[in-house]
Amino acid sequence: MEELVYFYPVGHEAHFERGHPERPERIEAVRQGLEQIGLWEPYTKLDPILPESDFLETVHSPAYLRALRSASQSGARLDMDTYTTRASWQLALNAAGGAMAVARAVWLGDSQCGFALTRPPGHHATKTRGMGFCLLNNIALAAEFLRTQPLAGAENPQRLAIVDLDLHHGNGTQDVFWRRGDILYISTHQSPFYPGTGSLQETGAGAGEGATVNLPLPPGSGDECFRTAMGKIILPLLDRFAPQMLLVSVGFDPHWRDPLGYLSLSAGCYGELIAQLVESSKLHCAGKVALFLEGGYDLQAGQACAQAWVSALLGKPWHDFIGTTPRQETSAWQTTLDAAQRIWELPTGA
């Protein structure tokens, strides 16, 4: 068994719009940060699995897939925020396929853990539209691949958990699994903020009632907030659900340096959160955990967060060379987390 596998999106530079924050340098900052501490070269880089059209349609509508492919042929925009180029359709397929390859390697035990540097990102892509810089929902396709597709004779997992630690609510991932009880979706995100979804009261519907958990955090929520959310809400809910594998949407935009957000998370604390999820995965999933890149727009923060994430996956020490936020952190998050504990019937108090 390998210790760690990566997916790197070869050719991703062709998905590019001058002046746009979702730019190729994001991926290169992550890669360079890992190279700097010796956590890139020693590990296998997986080729993507080419997703078939029939499989893509289990997550995205045929009409949206046609629209995305058509937009990419001409380099049209999906909305005011979300661009395509003539290379974007193939690169989106590669990103989704890379997410699937990493998820499969970890589930089958070929690797203990994995990190897919998925670009274009995915968690805002709903069943019927791309938005928020996202084209195909990479982590949703990875989860659905594990749940439904033949896996070299291995059994498919029956229960998966997705934890989304990006700055923004993963409205697309929530949309895909809203009525599903086999996928637990937990999101921390700044609120009020784009895309305007992810309230405490959004908990799923039908068979999925109670399988969606949203923790909308006010601007200025920092390390103490995230530690509390992880310890008092996320980990207990993972214990309750007992997933067979853990998939994590990671964006470096909750970092206090990010130009698009106002959370105050440090890279050091982010590493602590991943380490706690790794420990949780050892309880329920034989340590099976994979990370999938979403947002993040400050390149130095990207280097630091990537180093923190992978060091945590591997159980290696790491020093945060940027440090904690110089801004005043709010305590308003306590009200939100207290309410979440009541909704999910979790113990409150110290």
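The predicted model contains an open sheet of eight strands in the order S2-S1-S3-S8-S7-S4-S5-S6, with parallel pairing. Strands here are DSSP E runs of at least two residues, helices are H or I runs of at least four, and both are numbered from the N terminus. Two strands count as paired if DSSP finds at least two bridges between them. Strand S2 (44-45) and strand S6 (212-217) stand at the edges, each with a single partner strand, so one side of each lacks a neighbour in the sheet. Residues are numbered from 1 along each chain as its sequence is written. Because the model is predicted, local features need pLDDT of at least 70 and side-chain atom pairs count only at pLDDT 80 or more, while totals for chains, interfaces and linings use all residues; side-chain values use heavy atoms, without hydrogens and water.

Strand S7 (residues 245-250) is largely enclosed by the rest of the structure, because six of its six residues are buried. Buried means under 20% relative accessible area (1.4 Å probe, protein chains only). Met 245, Leu 247 and Ser 249 point one way from S7; Leu 246, Val 248 and Val 250 point the other way. S7 pairs with strand S4 (residues 160-164) in the parallel sense over five bridges. Val 248 in S7 is the bridge partner of Val 163. Five bridges also join S7 to strand S8 (residues 289-293), and these two run parallel. Here Ser 249 stands opposite Phe 292 in S8.

The largest nonpolar core has 64 residues. Such a core is a set of buried Ala, Val, Leu, Ile, Met, Phe, Trp, Tyr and Cys residues joined through side-chain atoms within 4.5 Å. Tyr 6, Phe 115, Leu 238, Ile 274, Leu 277 and Trp 309 have the most contacts inside this core. Helix H7 (residues 223-241) supplies its largest share, ten residues. A second, separate core of 40 residues includes Leu 93, Ala 103, Met 245 and Ala 290.

H7 also packs with helix H10 (residues 333-343). Their axes (lines fitted to C-alpha atoms over the stretch in contact) come within 11 Å and cross at roughly 10°. Angles run from 0 to 180 degrees between N-to-C directions. The two helices are therefore roughly parallel (an angle under 35 degrees). Contact means heavy atoms within 4.5 Å. In H7, Glu 224, Cys 225, Thr 228, Ala 229, Lys 232 and Ile 233 meet Trp 333, Leu 337, Ala 340 and Gln 341 in H10.

Key: Buried means under 20% relative accessible area, exposed over 50%, partly exposed in between (1.4 Å probe, protein chains only). Angles under 35 degrees count as roughly parallel, over 145 as roughly antiparallel, 65 to 115 as roughly perpendicular and the rest as oblique.
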